[in-house]
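Hi everyone, thanks for coming. Today I'd like to walk you through one structure, so please have a look at it with me.

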Amino acid sequence: MTTPDVDSPQQARQLDEDTFYACLTQRNRGLVPPGLQARIRRTRLLVAGCGSIGGATVQPLGRMGYEHFVLADVGTYELNNLNRQNATVDDLGRNKAEVGARALRGINPNVDAEVAPEGVTKANAEELVGQADVIIDGVDVTTPAGLAAKVRLHQEACRQRKPLVTGWDMAGMLAAQAFDYRDVRQIFDGELIPGDEERLSTWEVIFRIAPRGYIPAEMYRELRSGLRQPDYSVPQLTEAATQFGSLAVHMVNVLVAGRKLPRTVAVDVHHISMTRGRRLVDDLARQVERVRFLAQLPVEHVFNGFAPGPVYRAGYRLIGAAIGTLREGKTA
């Protein structure tokens, strides 16, 4: 299909939907096969959490040619968000999902973008996941409510067997993860035991489900001092958060194409921008800072947050068996 030259808003808005789409995706040709582009256009996406990492995916996905979105976020923009999130001063106080939907329509007026300003809740999780072919999880984990929403989202995606992409931004590191719940049968690869989100502290749950093997030295160093503060807020940088936009677009495309992905794709722009010698020092520092961080935590917090999944589950079963034995002894 020959596409016309379009260089004004008026011309663009006068195009029929198919011609507009052909113009929008013209430069994808040669790298995105026509069959995949057609699938992209039909695919329904749920972006749960439209702030740092989730918000970084919204516009790139629209530019790739996705046209069907549900955007869910209960939060509104604050000034401290603007160091890394796709918003301006004029967006302060506005719901993040609604701002994302407006941006999508600015890229492609034919986009179908539904907004769930209540975020992911117990009441709507089943419906939100049911509307999606692929899920992008950008739900904030720094609050108990957000953490509960993330766990609920994964539980529902697993139950409905929907593929999900999520990400973790840590200093200069963005670790994007793919959980294809069409095949995977345990949320977070079984790192959580049912009820952990209520039994464990927020940080213990975060460390259980985060890709612990990719936490950089500077993040361990920051957490070592920060977690002692009762009102601690984790620092986040634009060079990490915005990476999820490019990684997630490609990973979603791979899932839509029906291909497999590795569990984790990690890029640390701070580390790869170092000289070779400095990278070696940074690799060593990461191990040292990890040990220093764990040494300051109570033993039970280290076990609950950092023990490998099989060890953690075995320990939980042993504790449960011991409690059961004690109860039997008391009733005998």
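I'll start with the sheet and then move on to the helices. Keep in mind that this is a predicted model.

So, in what order do the strands of the open sheet run? The order is β3-β2-β1-β4-β5-β6-β7, which makes 7 strands, and the pairing is mixed. At the edges you'll find β3, residues 112-116, and β7, residues 264-268. Each of these two has a single partner strand, so one of its sides is left without a neighbour in the sheet. On average, neighbouring strands here are turned by 15° against each other, ignoring direction.

Let's zoom in on one pair. Strand β4 covers residues 134-137 and strand β5 covers residues 163-170; they pair in the parallel sense over 3 bridges. If you click on I136, its bridge partner in β5 is V165.

Now, what lies across these strands? Helix α7, residues 144-160, lies across β1, β4, β5 and β6, and runs at about 165° to β4.

My last stop is a pair of helices. Two packed helices are described by the angle between their axes and the distance between the axes. For helix α2 (residues 17-24) and helix α3 (residues 34-42), the angle is about 120° and the axes are 13 Å apart. The crossing of α2 past α3 is right-handed.

Which residues meet there? From α2 come E17, D18 and Y21, and from α3 come Q37, I40 and R41. This contact's residues divide into 2 nonpolar, 1 polar and 3 charged.

Technical notes:
Residues are numbered from 1 along each chain as its sequence is written. This is a predicted model: local features need pLDDT of at least 70, side-chain atom pairs count only at pLDDT 80 or more; totals for chains, interfaces and linings use all residues. Side-chain values use heavy atoms; hydrogens and water are left out. Two strands pair if DSSP finds at least two bridges between them. Helices (H or I, at least four residues) and strands (E, at least two) are DSSP runs, numbered from the N terminus. Axes are lines fitted to C-alpha atoms, for helices over the stretch in contact, and angles run from 0 to 180 degrees between N-to-C directions. Contact means heavy atoms within 4.5 Å. A crossing is left-handed if the near helix is turned anticlockwise from the far one by less than a right angle, and right-handed if clockwise. Ala, Val, Leu, Ile, Met, Phe, Trp, Tyr, Cys and Pro count as nonpolar, Asp, Glu, Lys and Arg as charged, and the others, Gly among them, as polar.
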